[in-house]
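Here are my notes on one helix contact and on the aromatic pairs. Please read them with the model open.

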Amino acid sequence: DGLTGLYNHRAFQDALRRDLHRAERTGSELSLMMLDVDHFKVFNDTWGHQAGDEVLKAISRLLLASIRTGDVAARYGGEEFVLILPDTPLEGAVLVAERIRKNVARLSVRIGEEKLKVTASFGVASANGKTRGGNAEVIERADTALYAAKRAGRNVVHQAEPLSSR
């Protein structure tokens with residue numbers, strides 16, 4: 001992605017497909033985290049689109065500093081980001097998401113004399129060798145969890161129902 005330096009949507013889809021095949025082949029678990037900057041429109045409408053861009057770049061730097069080698073951080077679209085966490089069970093991914101959520105809430109993005117506070121909502125889902133729906137299934141599950149986080153008041157982490165309970 002030209003603005004954030006993260007993988008773009010297409011590269012994310014390719015990486016997810018690859019990592020899901022690997023999880024299926026090895027029987028390992030993979031988690032997908034989606035996050036959305038809360039009330040992002042306010043940054044653009046109040047301080048201008050350059051301020052919104054600075055928020056996106058700050059979140060991107062934070063995400064890159066928060067992941068392991070082999071994890072994938074991508075801009076999903078607009079103010080939405082995704083992380084692919086191979087070899088990570090749902091419980092571990094929820095802990096990672098909570099740590100990132102707290103770090104995002106500590107962010108202070110300077111725009112001129114203003115220091116803008118940022119929060120984000122998170123949805124986390126897992127997949128393993130039992131997952132047969134490919135990219136679409138795990139993305140849909142993480143997206144549903146993300147919207148549950150937004151309905152729960154934003155600036156929270158919500159996890160999808162574990163696969164074994166489905």
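1. Helix α1 (residues 9-26) packs against helix α5 (residues 134-151) at about 105°, with the axes 9 Å apart. The two are therefore roughly perpendicular (65 to 115 degrees). Axes are lines fitted to C-alpha atoms over the stretch in contact, and angles run from 0 to 180 degrees between N-to-C directions. Helices are DSSP runs of H or I, at least four residues; strands are E runs of at least two.

2. This is a predicted model: local features need pLDDT of at least 70, side-chain atom pairs count only at pLDDT 80 or more, and totals for chains, interfaces and linings use all residues. Residues are numbered from 1 along each chain, and side-chain values use heavy atoms, without hydrogens and water.

3. Which residues of α1 and α5 make the contact? From α1 come F12, Q13, L16, R17 and L20; from α5, G134, N135, V138 and I139. Contact means heavy atoms within 4.5 Å.

4. The structure holds three aromatic pairs. Rings of Phe, Tyr and Trp (its six-membered ring) pair if their centres lie within 6.5 Å; planes under 30 degrees apart are stacked, over 60 edge-to-face, the rest tilted. F12 and Y76 pair edge-to-face, at 5.7 Å and 80°. F12 is in α1 and Y76 in strand β2 (residues 72-77), so the pair ties together parts 64 residues apart in sequence.

5. F12 is buried, at 0% relative accessible area. Y76 is partly exposed, at 21%. Buried means under 20%, exposed over 50%, partly exposed in between (1.4 Å probe, protein chains only).

6. F40 and F43 form a tilted pair, with centres 6.2 Å apart and planes at 55°. Both are buried. Ring pairs link F40, F43 and W47 into a cluster.

Technical notes
Angles under 35 degrees count as roughly parallel, over 145 as roughly antiparallel, 65 to 115 as roughly perpendicular and the rest as oblique.
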